[in-house]
Amino acid sequence: MNPNPPAPTCVRHPDRATGLACTRCGRPACPECLRPAAVGQHCVDCVREESAQAAPVRTAAGAVAGRPTPYATYGLIAVNVAVFAATAAQAHSVSDNQMSRLFYDWVLAPQLVADQGQWGRVLGAGFLHYGPIHLAVNMFALYILGRDTELVLGRSRYLAVYLTALLGGSAAVMWLAQHTATAGASGAIYGLFGAMTVILLRLRQSPVQMLVLIAINLIISVSLPGISLWGHLGGLTAGTLAAVGILFLPQWLGAKTRESVRTIGWAAVAGVALLAIIAIVGAAASIAA
């Protein structure tokens, strides 16, 4: 019997003798292949396996937590800028881009929606802007609000809330501002104001600063001519209701599983969007009559 048996070698580096071992799997490993653990040390293979099996940390809305790149927000900004560039190119003017054919075809004119069935205006108007200042103000607000809202809700639900708020703003214009030509992302952005307020409430943080910001913006909407107050209020209402449906309704209905939470949230957003669509169709029918 050999009184001095050879030292075990690292499972990943057979040429390296070692007296150390992974406290999880027990295999010998060299210092390079070990990582500190709560108890002892784990080999890199066990660390990788633990990371794969660990459940991801999720936000209040069920999205995976972290600081991912807000691609949806960047995408919305890119679409708005591209549409503005197209209208400016058609009009051969940056400041008078509303003279373009695309602007004329997409601006929300309730009478044209009702009389000629031009339903594309209901969504298209949300991507038009009157000049570069209008675009810059809205895109700055979208960038500030969108990043955090997208982080909490996740990309798909964030986009759903945004589009639902856009529909809500259009519905309010169709009913309450029938003799105007409305354009801009403001209705959808006001929906993000409402969604962020709901997020703060869900996280048990004070929403006072957000409420003050909403109040200031509504005062500006009333004070300055040419701003669609009803579009802002409609977007704010729809976005707020959609966010409540995602963040609070599952809890109120006693949802127990992650799947049921997601289902209830999506159903709530779809319900708000459907109500907005019904209101748009009803307003069009009322105008046509």
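The model described here is a predicted one, in which local features need pLDDT of at least 70, side-chain atom pairs count only at pLDDT 80 or more, and totals for chains, interfaces and linings use all residues. Residues are numbered from 1 along each chain as its sequence is written, and side-chain values use heavy atoms, with hydrogens and water left out.

The protein chain holds twelve helices and two strands, both taken as DSSP runs numbered from the N terminus (helices are H or I with at least four residues, strands E with at least two). Along the sequence the order is β-β-α-α-α-α-α-α-α-α-α-α-α-α. Of the 289 residues in the chain, 44% are buried; buried means under 20% relative accessible area, exposed over 50%, and partly exposed in between (1.4 Å probe, protein chains only).

Helix H6 (residues 131-153) has 23 residues and reaches 31 Å from its first C-alpha to its last, close to the expected 33 Å, where the expected span is 1.5 Å times one less than the number of residues. H6 bends by about 35° at Gly146, and is followed by Gly154, which has a positive phi near 90°. Helix H7 (residues 155-176) has 22 residues, and its end C-alpha atoms lie 32 Å apart, in agreement with the 32 Å it should span. H7 is mostly covered, with 16 of its 22 residues buried.

Four aromatic pairs are found in the whole structure, a pair being rings of Phe, Tyr and Trp (its six-membered ring) with centres within 6.5 Å, called stacked if the planes are under 30 degrees apart, edge-to-face if over 60 and tilted otherwise. One of the pairs joins Tyr74 and Tyr143, which are stacked at 6.4 Å centre to centre with 10° between the planes. This pair links distant parts of the chain, since Tyr74 lies in helix H2 (residues 71-91) and Tyr143 in helix H6, 69 residues apart. Tyr74 counts as partly exposed because its relative accessibility is 37%, and Tyr143, at 30%, likewise counts as partly exposed.

Finally, there is helix H12 (residues 258-288), in which Ile278 lies. Ile278 counts as exposed because its relative accessibility is 51%.

Methods
The bend at a residue is the angle between axes fitted to the seven residues ending there and the seven starting there.
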